[in-house]
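Reader: Hi! Could you walk me through this model and how its parts pack?

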Amino acid sequence: MKIIDVIDRIIAYHPSFPADYNGCDGFKCGDPQAECTGIAVALVPTVDVIRRAATAGCNLLVVHEPTFFTSLDAAEGSQPFFSAVQEEKAALLKEYGITVWRDHDRMHAHQPDSIFTGVIRYLGWEDYRLAPEQQPVPMGYAFRLPKTTVGDLAAYLMKKLDMNGIRFVGKKDAVVETVAIVGHLFPGFGDDDKEEYGQKIIHAMDLGVDAVIPGEIIEWTALSYVRDAVALGKTKAVMNIGHFNMEELGMRFAADWVSELVEHALPVKYLPTKDLYNYMLNAERM
């Protein structure tokens, strides 16, 4: 099976896109006509992931996030951008003979969203998800979990997502039950003429959502609301796990369905990206 044959199956699996689609999905480097020796699936094609893909004998790397450090993530040689690190990374991919295919827009266009289907499944929260008519958050997913503390929820997320640490807003011993995975808390995302997306999340928390897990964040909307709500004696929390950690398990799920698409005729390896962040604590405050 050629690499292009694998990609054709992936494209056919997702909803159809217009013929003139010109987004971020597509080949970033490599030879689509090469015989596929194995498929590596990862959220982010980091240098570490590239090396692990090569060690696993995979010459196709299916990823969700950018390879070459820009939002559009234009293919190799087609963007007016230079970085010495980018050049070394491109050379490494060429040395290993790895072809990178980005599957971002199609994954999120899938019904249901194929990234968050995997996140919910591998967090073990499928049975706790609220029905669509009960969803209190726009562009998100709400759950009624068994009662837990903010600290225990943070520890659970760290374990499931293999994180090095976690930042959260809220009281560690506060008991929470209704938890929502929400969209990005930055200007422009989900905004309309009347409200910012952050305001919509605040309304949902006013109506009973105890804790939210956002993607990207700014600090002057929902995070500031939670800090002040806690100061006023309310039970609210934000789990600031980061964009990549938030979506990581979606690519674990992608390894499942990609393997099915190729009818298990090729090895498919899920390569966790690993946490981007390291943490230091202020010993004087402990």
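Predicted model: local features only at pLDDT ≥ 70, side-chain atom pairs only at ≥ 80, totals over all residues.

Reader: Thanks! Which residues of helix α8 are buried?

Author: In α8 (residues 222-231), they are Ala222, Leu223, Tyr225, Val226, Ala229 and Val230. Buried means under 20% relative accessible area and exposed over 50%, with partly exposed in between (1.4 Å probe, protein chains only). Helices here are DSSP runs of H or I with at least four residues, and strands are runs of E with at least two, numbered from the N terminus.

Reader: What arc do they cover around the axis?

Author: An arc of only 155°, which puts them on the same side of α8. The arc is that of the directions from the helix axis to the C-beta atoms. On the face turned away from that buried side sit the exposed Arg227 and Ala231.

Reader: What do the buried residues of α8 pack against?

Author: Their partners are β6 (167-169), α7 (197-206) and β9 (237-240); contact means heavy atoms within 4.5 Å.

Reader: New topic: what order do the strands of the open sheet take?

Author: The five strands run β5-β7-β8-β9-β6, with mixed pairing. Strands pair if DSSP finds at least two bridges between them. The edge strands, β5 (141-149) and β6, each pair on one side only.

Conventions: Residues numbered from 1 in each chain as written. Heavy atoms only, no water.
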